[in-house]
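Biologist: I am new to this structure and would like to know what the labels on it rest on. Please set each value against its rule.

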Amino acid sequence: RKYKAFSLLLHPDKCRYKKDIDENRAKTAYDEIQRAKKQLDDEDKARHVRGLVEQGMRTGKQAWQKLNREGTLESVQAKEVQRIFAQVEYSRREVDKRERNYEQRERQQEEDELEKERRERRFDKNWREGTRVDKRIGNWRDFQKKEKKQKA
């Protein structure tokens, strides 16, 4: 129910008439709601999320008790749950960043290898097409002939 309510509230097509809501922000928020819904539809991910929330509630209660019960328990727990989810999201982004960097390095290495092969082929082609091969081979043949003449 909450997903349906949020999706109706935040859907980019539904909130275009509201001037105070930026269309990009609405689309981003709607995408986040869809991602959360998909995540909660998967039982393993839902269990993981519930575990994170429970952990946040426990650590929030402990923090509230350490703060000598300043503020409300719910607000301290909510902040702790947000902190835990922020840490998880930060970790996920760092892993994604490392994976992208690794893939980029591999692509760069492949491109470098291809470029090296192209340069070698170009050099070899120029070497064979040019007069350098004939000159070198000709010089060697002339040297061989001179050597045979000197021996004879």
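Biologist: What separates glutamate 80 and arginine 83 by about one helical turn?

Modeller: Glutamate 80 and arginine 83 are 3 residues apart in helix α4, so about one helical turn lies between them. Helices (H or I, at least four residues) and strands (E, at least two) are DSSP runs, numbered from the N terminus. This is a predicted model, where local features need pLDDT of at least 70 and side-chain atom pairs count only at pLDDT 80 or more, while totals for chains, interfaces and linings use all residues. Residues are numbered from 1 along each chain as its sequence is written, and side-chain values use heavy atoms, with hydrogens and water left out.

Biologist: Why is the pair glutamate 80 and arginine 83 called a salt bridge?

Modeller: A salt bridge is a side-chain nitrogen of Lys or Arg within 4 Å of a carboxyl oxygen of Asp or Glu. The closest N and O atoms of glutamate 80 and arginine 83 are 2.2 Å apart, so the pair meets the rule. Side chains of opposite charge can pair when their charged atoms come close. By this rule the count comes to 10 salt bridges.

Biologist: Is glutamate 80 buried or exposed?

Modeller: Buried means under 20% relative accessible area, exposed over 50%, and partly exposed in between (1.4 Å probe, protein chains only). Glutamate 80 has 12%, so this residue is buried. Arginine 83, at 39%, is therefore partly exposed.

Biologist: What is glutamate 80 in contact with, leaving aside its neighbours within four places in sequence?

Modeller: Gly56, Thr59 and Gly60 are its contacts there, where contact means heavy atoms within 4.5 Å.

Biologist: What makes Glu89, Arg92, Arg93 and Asp96 one network?

Modeller: Glutamate 89 forms a salt bridge with arginine 92, with the closest N and O atoms 2.4 Å apart. Arginine 93 also forms one with glutamate 89, at 3.0 Å. Salt bridges that share partners join Glu89, Arg92, Arg93 and Asp96 into one network.

Biologist: Why does arginine 93 count as exposed, and arginine 92 as partly exposed?

Modeller: Arginine 93 has 52% relative accessibility, so the residue counts as exposed. Arginine 92 has 36%, and is therefore partly exposed.

Biologist: How is the whole protein built, and how many residues does it have?

Modeller: The secondary structure comes to 5 helices and 0 strands. Of the 152 residues of the protein, 12% count as buried.
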